[in-house]
Amino acid sequence: MFIGAIGCEPLQLKRVNLEHSRTIDVYKRNGGYDAIKKVLGGMSPDDVINEVKKSALRGRGGAGFPTGMKWSFVPKDSPKPKYVVCNADESEPGTFKDRYLMERDPHMLIEGMLIAAYALGARINYIYTRGEYRYLINIMDAALDEARSAGLLGEKILGTDFSCDIYTHTGAGAYICGEETALLSSLEGLRGHPRMKPPFPAVSGLYACPTVVNNVETLTAVPDIIKMGGEAYQKLGTEKSGGTKVWSVSGHVNRPGVYELPMGYVDMEKFIMEDCQGILNDKKLKAVIPGGSSVYIMPAADITGKGVRMDYEGLVAAGSMVGSGGFIVMDETVDVFESTKNLIEFYKHESCGWCTPCREGTDWLVKVFKRIARGEGRPEDAQLILDLCDNIEGKSFCPLGDAAAWPIQSAIKKFPEDFKRHLAPLTMQTETEVAAD
Amino acid sequence: MSTELIKVTINGKEFQVAKGARLIDVCREQGFNIPSFCYYADLALQASCRMCLVRIEKMPKLQTSCTITCTDGMVVTTESEEIEKAQRAMVEFLLANHPLDCPICDRGGECELQEMAFDWGNLEERFTERKNAQPEKYLSPIVANDPQRCILCKRCTRVCDEWMGEDAIEAGGRGANTVIGTFGGWLNCSECGNCIEVCPTGTLLDATYRHQARPWELQQTVTTCTYCSDGCQESVGSRAGEVMRVVARDRYVNGHNGEFLCIKGRFAHTFINDETRLRTPMIRYKKGGKLIPATWDEAVKFATRGLDKAAEAHGANSIAVVGSPRLTNESLYALKKFATELVGTENYTATDAFSLSPFFQNLGGQIATHRDIRHAKTIVLIGGEPEELQPFAGKQIRQAVRNGGAKLVIINSTPIRLKERATQFLHINPETEDAAVLAIFNQAHNELAARKMGVQETELIELRRTITNTEGDVVIMFGGEVSAEAQSLLAQMPYLFNKEGRRALLHPLPLYNNSVGATDMGLMYGKLGATEMLDAAGDSVHAMYVAGSFLPQHLTGREDSLGKLDFLVVQELFETETTRFADVVFPAASFAEADGTFTNSGGLVQRVRQTIPPVNQSKQDWVITAQLSKELGVDFGFQMSASAVFGEIAERIPAYAGLRYPLLKDETNPVQVKHATIEQRDLSQESEAIRARVEKMSDTATKINATPPVGHELFKIGTLTDKLPQMHLLASGNPKPPTLAVSPLYQITVDAGMKREAIGGD
Amino acid sequence: MSIIGDVIESTKAIIKGMGVTFSYIPKGKWTVEYPDEPVTVQPRYRGQHLLHVDEYGREKCVACFLCAAACPSECIYIIAKDDPRSPMERIGIEERYAEVYNIDYGRCIFCGYCVEACPKDAITHGYNFELSVYNRADLLKTKDDLLITKQVQSRNYRVASSEEDVDSEYKEV
């Protein structure tokens, strides 16, 4: 397992490998809480937002919405309280970067949230972690206590008029609560159902008050932006995607881990073959899911020799997305039909049941996949699956429906032979294939 | 919603629509059929069924029209291949796990999913997998549930929360395993059944009508409910002279109550065809003897002879005529006419729990209809318990507060459930409602009233400030707790609070469907009240003609009074305490067998229509009265037609002037009677009387702190509700049966140990 | 045209007509000797209705009223009832069954719409055709007359096998 930066100075992962990296002392000794001092020492909230805008920082949770823009949507003159909520409900299959950031460097998140709270005028802020990350809550709470006794949280922070506090909250283990409005519902104590947009959370979010929901990695990027300045941060990456991105690499590579790469890192093949030290057991690369399970799958042919640039625009051009940066590598032994079946079972299990297409569609898809896996596939099933995906995509209430449909659509398109083999009538299959099923 | 108009293009045609209008409503108004399941006017938006998808230019995906507010220059397409494919896909998804057991489903034939499947369903079913089976079960004695048919539109949960404020039914589970269920697996609520009504599929079903008939076999008649004073419009489904069910579905009836009904209105209709209904007229030839069935001719002759004899012996005033606030206006008018014009007696009344005559005699403003309550800005509720006694008024109050942002001030000696919604709750000492009225009428009495009521004086000041700061309507509602003098003060309050931009409206909360009508028909203005009349029995009153029965509260302590009469004529549905002493009993027709009108607490006069022919040998009450009068030699000229009676009412009673049945035909636009308002008058006498009474009240009363349980009035067993077996289960505390698969009726026998004290008054 | 011509023409016609008549004399007879011999009815003959039961003897009818709704002569009368017992104890296959199922053969036109409408294949046309009665009221048949387990089948008919070509046999004539 490798944790570190490639191709740039580590920003997010600067302290993660140090001893006692969780403690405030280690954090402070390595440049921690300098940014908040700088902010409170004379920057206005608008200055902070401008700096973030200049940095071209884009949301690291999956959608990639420009963070500065999101912050500027919060109405300044609203009489209601405002909230900053950290989305640590990292449930995307293949993604585990936030976990390491919070586990090894919790103070960076606290500092990022403090700056965000200052920029938006929030008094009370929440860190919402997924139910399975309960142990992280202890780490975060310990860090929050440290910060509180160091005068970095609570009333009159660092002797200024700025008061702010952060609380932790765990979900009950639902993927849907990673969707920002469902997260807010869950945080309010309601069923974790997504809410209607508009109104967007920036206008009416937690308790119908202006709220900004940001991913952990987004918030931990903020201190560095303040310290080095927005423009310098942006220059680390490309024009539209600034800074660095943390990738969670898993699957059939010799060195999985958490990698920090500058935005626009070239190219993906080099990344897999050199930085991740190649495919396990010297097998051939078959496919890569670059951004967590919800994005399009990329076959090896789209990677090898194509010079895929690893940033938002580069991956879209290559036929996929950055998503949450859950980089899943699959070698030639993988049956894409089976891996897709595994994914759709996940989405069926995690569909919240609010809207028809997602609830019924995923349930139906799982049944079809299971039937095919039983050897009862029919040649027309491929068309049925594609049609069902088409009926889910774009019609569901929240993006979970889209996220369930995309990987299947791309898997069928990119790996038709894996599906054909299963869809052929049972009698056509060889005995070994049946046994393998 | 502002009146500003904006331009919207739908399917290539331009329309001027009000700014802020909802797209789905606009499209439907303009005749573009947009399917939907989860959208329901005046409920929170859901946007989960994804049926109402439309294409809006400049928007990336198909949009749900139920969530879109029209903006200027919007270009909308509602019909295209892409949209139809999406809608067909949604129906296909919904039907995937649907059991498709329409032949045994009670909703079959009036099911929205069925209709949608006709329009947007595919010919072929592509879903060949095993369906997610879920067993049928009962949620309560009157709500049956088949979760597999559910499409999770959540109308039921929203109605339960927003209309009833009970939140008794909620979704559980996740994803495809989501089911609509209850806390603890058993529905303990007011059992209004509105979740059944709004369900677009056969998921929630009426357990009292379970597997009884199919909707297209039923004859649907629009009529008015016979229980409380809200006057809900309902559709009675009957088949072959038998009432099978009562619904308020939009497709059959569109009254002021929408699809709202309460447990009594919706389920407690079994009395109509009950076995124990009186079958023939009966005569008791000898005092203390038995009632013997007789022919109508014989019974009418016997009755008139008896009344004649009493009049000859003791004079006309010895005959008392008693109506019931359950009867139609026509029957009550006939009784009043019988009393005043034929017999010439001053002793006539109706057996109401309390009289509204002082209120109507002093009326100084308009009566608030239920629609006014919904849109009121401030509601002051003095006494009463609408959520139990007038459930629709209770719903309107809740919606006014929740959806309309109204301020609700409750003055009550009991912490009623509605207080959870109240902006201000004045928890007063028992029986000090008059003090509150006095203080509102004249703030000089604040100190005295506050002391006697056991509240802070500041609370009364705040209450007054709430009223005087209101822009819009103030509705003052009061229950039977206030005295006659206090009613007069309340009736004159519009003169105190009316102002430019503010209307003070009044809304009495009587207990019976036609309490207001009984007052309007003049029956409540007799010399004696019901109890006084019973006390006078055998003394100054020697014979009585009673339509309906005395209430149990009238008869307690006066059980023998009726026995002291020389002669008693009763017309009733069932044998009651009153018929026990009757010399002649006529079988009367229930509301389902009668034509006529009821006047509700909002002053709306609404039609009662004959649903089934009179059961057994029964006749409508006014027909019996007319028959008696004919035998006594006076023809009322009703010509056996209820509309002729109503024509006479319209001629003689000013508030009803100009009304005819055809004008009342449309239940969508109910007509409010024009109660005469009197000018502001000096009420010092009344207020002085109240003040004197308030001063005598104790300073140290104990307050009632327990919130009464749900259904303590709704589930009471009375003469009519007694005939619904399920009601006995509810009245016994709604025990959870051993298994939910079978109706609790077959599992639990109500025994004496379980029964709550049987009290009348339904 | 002379009278002689008329006589010749009509004589020709009579001979032609009688020729047809006489040609049938040697052929086989088609008269059905009912009731001494059973009548052959076609497999899809629409006789008196039958209400079917499943393999456990439970009535297939769920009292959905679709037959009554489809009936153009409104001769079917049903009263549905709820059966709360467990599936194997029930009278019918579902919780709802027809407590009363009457067909008025004074009105029935044997159109077969009820059979088409039935979603449960509970009602079919049987082959009993001897429905004449002495009393008009007897034309009302109840469930006891219609249930397949109770209806007495007449011995006076024989159902043609599906291969048997009953139709063309008659067409030949």
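Chain C and chain B bury about 1,400 Å² between them, and 57% of this area lies on carbon and sulfur atoms; buried area is the accessible area (1.4 Å probe) that two parts lose on being put together, summed over both. On the chain C side, C:Phe65, C:Asp82 and C:Arg96 lose the most area to chain B, and together they account for 42% of what that side buries. The contact involves 19 residues of chain C and 17 residues of chain B, where contact means heavy atoms within 4.5 Å. The size of an interface is often given as the accessible area lost when the parts come together.

The model is predicted: local features need pLDDT of at least 70 and side-chain atom pairs count only at pLDDT 80 or more, while totals for chains, interfaces and linings use all residues. Residues are numbered from 1 along each chain as its sequence is written, chains are lettered from A and ligands numbered from 1 in the order in which they are written, and side-chain values use heavy atoms, with hydrogens and water left out.

Two pairs of chains touch, and the pair with the most contacts is that of chains A and B. Chains A and C do not touch, their nearest C-alpha atoms being 26 Å apart.

Helices (H or I, at least four residues) and strands (E, at least two) are DSSP runs, numbered from the N terminus. Accessible areas come from the Shrake-Rupley method with a 1.4 Å probe; for residues, only the protein chains shown count as cover.

| Chain | Secondary structure | C-alpha box along the principal axes | Accessible surface |
|---|---|---|---|
| Chain A | 18 helices, 12 strands | roughly 80 × 45 × 35 Å | about 16,000 Å² |

For the 437 residues of chain A, a compact globule would have a radius of gyration near 22 Å, and the value of 22 Å for chain A agrees.

In chain A, 62% of the 437 residues count as buried; in chain B, buried residues make up 62% of the 762. Buried means under 20% relative accessible area, exposed over 50%, and partly exposed in between (1.4 Å probe, protein chains only). Among contacts with a separation of 6 or more, residues 24 or more positions apart account for 71% in chain A and for 70% in chain B.

Within chain B, B:Asp583 is found in the loop between strand 24 (567-572) and strand 25 (584-587). B:Asp583 is buried, with a relative accessible area of 5%. Not counting residues up to four places away in sequence, B:Asp583 touches residues including B:Arg284, B:Lys287, B:Phe302 and B:Asp566. B:Val569 is 14 residues from B:Asp583 in sequence and 6.0 Å from B:Asp583 in space, C-alpha to C-alpha.

Helix 13 of chain B (residues 433-441) is mostly covered, with 8 of its 9 residues buried. Among the buried residues of helix 13 are B:Glu433, B:Asp434 and B:Leu438.

Conventions:
Rg over C-alpha atoms; globule rule 2.2 N^0.38 Å.
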